[in-house]
Amino acid sequence: MQKVWFTVLILVYLDFSVRVGTVPVCAYGPAGCKVPSLADLFERVIQQSSRMHGMSSDLHSEFEQSLSPNKNLIGKRRCHTYAIRTPDDKENAQRLGREQLTEVILKLLEAWNDPLSHLYWSLSQDQNQDFSYYSPSKALEITDMVQELRDGVEKMAQKMKLEGVTGNTVGSISPESLVPSFAVSFYKRGGLDSVDHHDLLYCFRRDSNKVKNYLHILKCTTLPGLVC
Amino acid sequence: MKRGLGLAVVLLLSAAVESSSTSPPGTPVLLGCRSPEKETFTCWWKPGSDGGLPTTHRLFYERERLKGIHECPDYGSAGSNSCFFNKKHTSIWVDYYLRVVASNALGNTSSDILDVDVMEIVKPYPPENITLLVKEQEGTPYLHIRWEPPLNIDTKSGWVTVKYQLRVKQDNSHQWKNYSSDTQTFLNLHSIVLGAMYMVQVRCMLDHGSWSEWSNTTSVPVPKYFPNERPFWILVSTLSVVPFLAAICILVMKRKSVKQCLLPPVPGPKIKGVDVQLLKSGRSEEVISALIANQNLPPLVAWMDQVEEFLIVSDCNDWRSPDPTNPPKRKKSLIIPVGFHFDQDLLCKEPLPNHWEKKDEIVKNSETHSEGSLPSTDLNQEQQRDHCGEASDRGVSTWTAERHQCAANVSVQPFAISGYVDIQRHMQEAEGTQVDYSRVKEVTGNDAVILEKENVQSQREDEDIPEDYSRVEEVDGDNVVFLQTQDGSCKKKDEHHTDCTNLKMIHPHPSKVGVCAALMGSEYVDTTPAFPAS
């Protein structure tokens, strides 16, 4: 019995003493490994946003087809990201400046995290056969994509700050400045029905298009040498 | 008559009624809107019936994030029954709610509301300036298609990205072949048929919007005979092949003389006394006997391991005048230990190293130096070999005291394992100052020998003859030697020197020493044990 306790003590001690710390692989800059350049980051981020927009369009068109024909499409829809001021044409976007544009992008991406996961949950719960079989998995995929894109844009913003391209006004978005958590309730509290799904997807398609466009403008103004 | 009149009246009345009735206009229909570059857009409608009265159409819209109802800013730029929204009035990602109102004197009629987001109605114009060129690469032709983006598109600022699509067909076929080009404005088509006529169309798309219309067809004929350099090269190769063939023919015809020129016959080796045919026959014993007979050499002697035998090589000049009474001036001699396998071409073969290590070896040294250590001179192997070569020519045996001419100007060498000590001969005129021997004190290493310091000075009569040596008194015949009796005078040089009184018994009688070859009157004879005579 004593031997057992002794062994346990030893193991516990070892567990505490031999704690392997994890260090990111490329923590030490160029000496460690190759850190992607700003151009690479831009490229990746833009590709990701393009994919995201493509998926959102597909999902939306699926819903559009599955909706009953007598749906009143005239009803003015509102998106929960209405509160976020976004430039709505080329001149305004160019006038905004790099820092603010990046901030807008990050805000938009952050705002869609919750609604999308709620959508996925709702879709997988819904017994209604209005939508195609693959919609819930697509919704989940989109949710992940949004998260990845957000991380990518943050890294890109940091890199821009590092290279002196932007000032220091771009920081991590504090949760308070985000669209409030009533985002989901914006549509409907509780379970979302198919109409709400449709509206949500419509709004998401629009916002993903905005993100894609803004990133493109950002890239072409920050790195003018590249092919635009 | 009355019936006809009645009909006419009815017709007139109906006509009058028709012409005089007016009604509110019919319902116009909004056909759609389009934005060619995502910065402006245009909407079109189709008017309904005008109700007999002049009717005007007006477009009103409401917009997301914009309060109030607004009217179309530009009715004329895009043609009749259209509304053009310029940059100032266009906003993306916002919904426009449009409707057209037809109005005449009698009333208004409104169309249905159209919900438009500019993001969704983007459809560009077709690409411009499509050029086709037939180019050539490494002898094969290909089609180079180039075009330009449609007008008004702003790709520089990154506002839109354009994607292109092509389709190509030959003149005689109905099947188009589609090709995609992502964002580049040219395409190279490699698999084309010579002599055919190709027709090409291009279209483009902005972001994820709609495809534009196909551009106008551009066509280009591909020439039948492609002007490449192949015939030229064929000609060149043909012309160069002809003289080449001629050269080969000449070479073949004159091959014998060519062979003479390039590969002259090598004279075969000829050895005196050796019959090539005999060699070819392959019987080695006969060959060897033939060789040996020529050379008059004694047979090979078996290796005698433990016996030290010394070859006494003395000055060759003395040999010429074998006058015993007139002692030769130079008594420099070479002692070369012999314990080696006799080979006919090398008289002096390598001694075993252990021979040198024995302390009672005595090396004759006619050195002029009186230092203890032997001067380090290199063993002149070649010189040695030369001597040996000469010696072999004269057929000298190893175990006799032979004098031959090769012992002249031999230089002292350090003891290489593979060599001997070759002793420098200095022609010393002074009598009695001859230094015949130095005793080896110590052998250090492989190539140095420490000798005794003092010279061995002795007169001829008082010579300190090593105990192993006896003076030859008389040579009798081919194999008989008369030796002198020795007296016991010898200095005690060193501890290695044994008791001098312990003389060797000299044979009073002529003894058969068992020498195989002729003794030519050398001074010292080594009393070696007998060995088989030839």
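**Entry 1: a pair in chain A**

I began with A:Lys159, which makes a salt bridge to A:Glu163, with the closest N and O atoms 3.6 Å apart. The rule I used for a salt bridge is a side-chain nitrogen of Lys or Arg within 4 Å of a carboxyl oxygen of Asp or Glu. A:Lys159 counts as buried because its relative accessibility is 18%. A:Glu163 is partly exposed, with a relative accessible area of 47%. For these classes, buried means under 20% relative accessible area, exposed means over 50%, and partly exposed lies in between (1.4 Å probe, protein chains only).

**Entry 2: basis of the values**

I note that this is a predicted model, in which local features need pLDDT of at least 70 and side-chain atom pairs count only at pLDDT 80 or more, while totals for chains, interfaces and linings use all residues. Residues are numbered from 1 along each chain as its sequence is written, chains are lettered from A and ligands numbered from 1 in the order in which they are written, and side-chain values use heavy atoms, with hydrogens and water left out.

**Entry 3: chain A overall**

I listed the secondary structure of chain A and got eight helices and zero strands. From the N terminus the order of elements reads α-α-α-α-α-α-α-α. Helices here are DSSP runs of H or I with at least four residues, strands are runs of E with at least two, and both are numbered from the N terminus.

I looked up burial next: 43% of the 228 residues of chain A count as buried. The accessible surface of chain A is about 12,800 Å², and carbon and sulfur atoms hold 56% of that. Accessible areas come from the Shrake-Rupley method with a 1.4 Å probe, and for residues only the protein chains shown count as cover.

For contacts in chain A between residues at least 6 apart in sequence, I found that 83% join residues at least 24 apart. A contact means heavy atoms within 4.5 Å.

**Entry 4: nonpolar patch**

I found a nonpolar surface patch made of A:Met1, A:Val4, A:Trp5, A:Val8, A:Val12 and A:Phe16, with about 670 Å² of accessible area together. Patch members need over 30% relative accessible area and no salt bridge; like charges are joined within 9 Å, and nonpolar side chains (Val, Leu, Ile, Met, Phe, Trp, Tyr) within 5 Å. One of the members, A:Val8, sits in helix H1 (residues 2–17) of chain A. A:Val8 counts as partly exposed because its relative accessibility is 37%.

**Entry 5: salt bridges**

I counted 15 salt bridges over all chains. One of them joins the side chains of A:Glu110 and A:Arg150, at 2.4 Å from N to O. This pair links distant parts of the chain, 40 residues apart: A:Glu110 is in helix H4 (residues 98–111) and A:Arg150 in helix H6 (residues 135–162) of chain A. A:Glu110 and A:Arg150 are both buried.

I also noted a network of salt bridges that links A:Lys90, B:Glu39, B:Lys87 and B:Asp154.

**Entry 6: between chains B and A**

I took the interface next, with 28 residues from chain B and 28 residues from chain A in the contact. The area buried between chain B and chain A is about 2,500 Å², and 46% of it comes from carbon and sulfur atoms. Buried area is the accessible area (1.4 Å probe) that two parts lose on being put together, summed over both. B:Arg65, B:Trp93 and B:Trp159 supply 29% of the area that chain B buries against chain A, more than any other three residues.

The rule finds six salt bridges across this interface. I looked at A:Arg205 and B:Glu120, whose salt bridge has its closest N and O atoms 2.0 Å apart. A:Arg205 lies in helix H8 (residues 194–222) of chain A and B:Glu120 in the loop between strand E8 (114–117) and strand E9 (128–137) of chain B, so the pair joins two chains. A:Arg205 is buried at a relative accessible area of 13%, whereas B:Glu120 counts as partly exposed at 33% relative accessibility.

**Entry 7: backbone of chain B**

I checked phi and found a positive value of about 60° at B:Trp93, which is not a glycine. B:Trp93 is in the loop between strand E5 (82–85) and strand E6 (95–104) of chain B, and is buried with a relative accessible area of 2%.

B:Asn152 also has a positive phi, near 70°. I placed B:Asn152 in the loop between strand E10 (140–148) and strand E11 (162–170) of chain B. B:Asn152 is exposed, with a relative accessible area of 57%.
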